[in-house]
Amino acid sequence: MQYKEQGRLIRGVGGLYEIVLDPGDTPLSGYRVASRAKGNFRHEGITPLVGDRVTVAFDSDTLTRDGQGNPIPSADGGGLVIEEILPRKNALIRPPMANLDVLFITFAAAHPAPVLETVDKLISIAEYNSIEPVIVIGKRDMAPDYAQELKNLYTCAGFHTFALSAGQGDGVAELHAYIRASMAGKTAAFAGASGVGKSTLLNALFPELALQTGEISHRIERGKHTTRRVELYPLTDTDHAYIADTPGFSMLDFVRFDFFSRDDLADTMREFEPYIGACRYKKCTHTREEGCAILQAVRSGEIAPSRHQSYVSMFDALKNKHEWSKK
Ligand SMILES: Nc1nc2c(ncn2[C@@H]2O[C@H](COP(=O)(O)OP(=O)(O)OP(=O)(O)O)[C@@H](O)[C@H]2O)c(=O)[nH]1
Ligand SMILES: [Mg+2]
Ligand SMILES: [Zn+2]
């Protein structure tokens, strides 16, 4: 007999996808199953993403069975096929995930030193995709004063911001309480450069995950890409909440910054909002104009100079893109 069940894609390795099927009345409802994707997807250029809601089809006659003849999920996806990817709320290229509600943008106060422009790009990408950015400053023990300065900067810009040391378990309880209080029914990912301590932090928050963590190379102050793939974990202590660990990215990943148009950029800077419309020129780009309300707010200390610098650099990157696409 043919069955269909919907579920959540939580991991993909080499064309085999792991899906947690919804509760229901098919023989595999509620199971964590492995499945292949429908052949057509490749031709149509569709790639299932971690976080996708999917419909899985299977035939009870071809399922693997245990000693009592009850169907059990087979490890090789035999007999199961992802037939449909349900409409996505959003999809990111890095980390490659769909349907995110919250992005924990993670960086270290030191080792590796934070690159605020990358942090701000991630924030803008999240905002543009209607994903709530939450700022997590790790390794506070390595540079406590700078961690506090950054915490103030991002709190003033309007974000939930946490400064902590996952290694020492210091400040982790506050983030755990925030996750428990706000994450029911939601999907989140921890994203940031390699070696900043994402997996260490997830282990401190949820010890049952037992994720692998790695040393960072002292010579080049870069992580070694310990986490190799995106994986979504159901949280046991919060209803229908999922959190993903993701592989850290390198700076190169963000050199090509062309995720949205220049016209949309200012709207991704939440602390600009009160000043939009108050500039002297209607078409103010907020980069260098006389009478710009945003530049004035930077001068008077309402907007952090580093945030405005990131804005200008993103604006330039998007401007270049605009000019290429006209050629
Ligand atoms: N001093 C200090 N070191 C930490 C802290 N958190 C993590 N580390 C160290 O930072 C290194 C990298 O940690 P990981 O958790 O593997 O980093 P990651 O962000 O998951 O890295 P990728 O998986 O490569 O993206 C490890 O040596 C950790 O022990 C912290 O709070 N303080
Ligand atoms: Mg990791
Ligand atoms: Zn302006």
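Select Thr227 to begin: its relative accessibility is 16%, so Thr227 counts as buried, the cut-off being under 20%. Keep in mind that this is a predicted model.

Ser199 belongs to helix 5 (residues 198–205), while Thr227 lies in the loop between helix 5 and strand 14 (231–234). The pair is 28 residues apart and links distant parts of the chain. Click Ser199: this residue is buried too, with a relative accessible area of 8%.

Now follow strand 14 into the sheet. The sheet is open and has 6 strands, in the order 12-11-10-13-15-14, with mixed pairing. Strand 14 stands at one edge and strand 12 (161–163) at the other; each has a single partner strand, so one side of each lacks a neighbour in the sheet. From one strand to the next, the twist averages 20 degrees.

Move to strand 12. Strand 11 (residues 132–138) runs parallel to strand 12, joined by 3 bridges. Pick out Phe162 in strand 12: its bridge partner is Val136.

Last stop: Asn152, in helix 3 (residues 144–156). Draw a C-alpha to C-alpha distance from Asn152 to Phe162: the two are 9.9 Å apart in space and 10 residues apart in sequence.

Technical notes:
Residues are numbered from 1 along each chain as its sequence is written. Chains are lettered from A and ligands numbered from 1 in the order in which they are written. This is a predicted model: local features need pLDDT of at least 70, side-chain atom pairs count only at pLDDT 80 or more; totals for chains, interfaces and linings use all residues. Side-chain values use heavy atoms; hydrogens and water are left out. Helices (H or I, at least four residues) and strands (E, at least two) are DSSP runs, numbered from the N terminus. Buried means under 20% relative accessible area, exposed over 50%, partly exposed in between (1.4 Å probe, protein chains only). Two strands pair if DSSP finds at least two bridges between them. Axes are lines fitted to C-alpha atoms, for helices over the stretch in contact, and angles run from 0 to 180 degrees between N-to-C directions.
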